[in-house]
Each structure stands twice: as C-alpha cells, then as structure tokens.
Amino acid sequence: MLIRRAPDIRPSEITPESIYLGRRAFMAGTGALLAGSAIPGIAFADVEPQALPKVIKSKYTVDEKVNSYKEITTYNNFYEYGTDKGEPAVNAPGLLKPSPWTVTVDGECNKPGTVDVDDFIKTSALEERVYRHRCVEAWSMVIPWVGVPLADVIKRFEPNGNAKYVAFQTLDDPKQMPGEKSDLVYPWPYTEGLRMDEAMNALTLLSVGLYGKTLAAQNGAPIRLVVPWKYGFKDIKSIVRISFVRNQPKTMWNQIAADEYGFYANVNPNHDHPRWSQAKERRIGEFLRRPTLMFNGYTEQVASLYSGMNLDTWY
C-alpha cells in the first residue's frame, strides 16, 4: 500500500507570515517569467557538469551514507528559479551561464582583485569533503562537496585589521535569474555573511563541485559557500563578490525576518524556529526522523567560536 507523507512544513510556515501574501504574488509572477524564458529541451553547452581534475579526499569527511546525485540536484532551495524544491532543477540549467564567471574580491584588504573561477580549479588543491547539510526547514542530506578552503582564498587577498566580517553576494542578473525581476518580497540580490573567524575556520568551504563534477546550475554553479555547522540558507550560491567589511553585513533572510533567520544561523536542536521544532530532522531518502545534532555534529571543530555566547537566545 502506498502511504503518502505530507510535507514537513507548509510553505506558509517556511516564509515569514508577514510576507506570505507577497510571496504568493512573487510565485505567480516568477512562474510566468520562467515559462516565457525557458526553452524546453535546450540548455547552454557549458552548463552540463564536467569532471573535476585532481580531486583529493579530505580528512573533513563524515562516515555516513551519502545522498544520491539525483536527490541532491533535484531537491533544493534556489528561489531565483522558483520557490518549490523541484523547480530549480527544471529552470536553472537552461538559464544560468556559469562560464565565463569571475568573482570580485574587495573591501578591507591589501590585494583586491577579480578572479576567474577557473583559477580556483586550476591552481588550488581541490578537496572532496562529505558534509552533513541541514536546512532550517528541518530536512537534511549528506553531500560530497568538492572545493577549496575559504581560508586559503582569503589569505591570497590579505585582509587588513579592519576586516571583521566577510560579505558575499550572488549574481544580480534577472535575465539569468528570473526570480530577481520581482522585488515584492525579497531584497535581491541574495546576500550572506560570516564573522572573520567563522570564514577562516577549517571547515568553511568554497565549493565548485559535487560528486567529482562541477556544480549543477541548480546547486549554485559555478561557486557557492558551504558552512556545514550552519543552516543551509547561509550557503549562498552563484557567488560574484566577496567583500571584507568592518561591520556585520546585511543578509537577505535576516533582513526579511530577523527573529526567524538570524545572522549566525547555527544548527541548534535546543533552539526552535518560532514556528516549528528543530529537535529532529528528516534525512532525504529516509522515512523516520532523526535527532538533530548540535552544530550539525561539528561541535568539536566550531564550539569555541561562540564561547561565552548564550546559544539558546540567538539563531
């Protein structure tokens, strides 16, 4: 007998209640835009993920069952291509052009500049890191990312003593990301940020691939952030700018609802989202829920970053 399981959280619960009606308008508008932009059966030649060279296995790897490539590339959030989990996989490959692609690094640093993403791939030692991924919506995966430590990239640009935070920005191009044409709900482009010591932590990764291949468009090609002890909305996709700044940068979800999507966004089973519990999670591909781990299981590596902070009073 087929048993259908209801979604973990209704869309009206995921989106802050104050903007739910606005989001409905956004969805309707974005649907029309995507329908008019996508070309069925045709994708850019450079979108198809390619094998990455010289990928080494990292010691930063969890010994857990890895989610399939299909699960990782067909169930994810990327609101620039739609607000349902399956829409990015349908819409992004025919729209996003991940090559050529450059990342501008600026702000409080001695060596600002613009770097081609290919430079990261050709000149860096690419590592495969199998990380837990925990969404704020209470679902999770285990993903074999490929990338370079963010700390190694930061050192190349020599941030100065005024650099207390690192700010990130995604692509701002409504032609490639039709969802950005509507500003009824979301303050595009997507922005995120980390404290400098978080950015320099050994776990923090700039990912350029998964499963040994370049990133699929729907997963944030060609370069995205991965911070495994934080909720997934911190892992900004399709990065075009990295800035070293003095003050805590504005981040998209935090601007929308600061009481629900905090700047830190550390995984904490003891601190519920205002509208649902974070004590358990549903691993994609499994039926039963499992307990959520403090810092997503990375307590040993990151707990010292928050010494003296009350973990139950902030997200």
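The paragraphs below take these topics in turn.

This is a predicted model, in which local features need pLDDT of at least 70 and side-chain atom pairs count only at pLDDT 80 or more, while totals for chains, interfaces and linings use all residues. Residues are numbered from 1 along each chain as its sequence is written, and side-chain values use heavy atoms, with hydrogens and water left out.

The structure holds 2 cavities of 30 Å³ or more. A cavity is a set of points on a 1 Å grid over the protein atoms alone where a 1.4 Å probe fits but cannot get out, and lining residues have an atom within 4 Å of a point. The largest cavity has about 400 Å³ of space. It is lined by 28 residues, and Asn-77, Phe-78, Gly-232, Phe-233 and Lys-237 are the closest to its centre. Strand β5 gives the most to this lining, with 4 residues; strands here are DSSP runs of E, at least two residues, and helices runs of H or I, at least four, numbered from the N terminus.

The second largest cavity has about 40 Å³ of space. Its lining includes Trp-145, Gly-232 and Asp-235, and strand β4 (residues 127-134) gives the most, with 4 residues.

Glu-158 follows α6 with a positive phi, near 50°.

Cys-109 is buried at 10% relative accessible area, as is Cys-135 at 5%. The whole structure has 0 disulfides (pairs of cysteine sulfur atoms within 2.5 Å).

How values were computed: Buried means under 20% relative accessible area, exposed over 50%, partly exposed in between (1.4 Å probe, protein chains only). On a 1 Å grid over the protein atoms alone, a cavity is a set of points where a 1.4 Å probe fits but cannot get out, and a pocket is an open set with protein on both sides within 12 Å along at least five of seven lines; lining residues have an atom within 4 Å of a point. Grid points are joined across faces, edges and corners, and a volume is the space filled by probe spheres set on the points.
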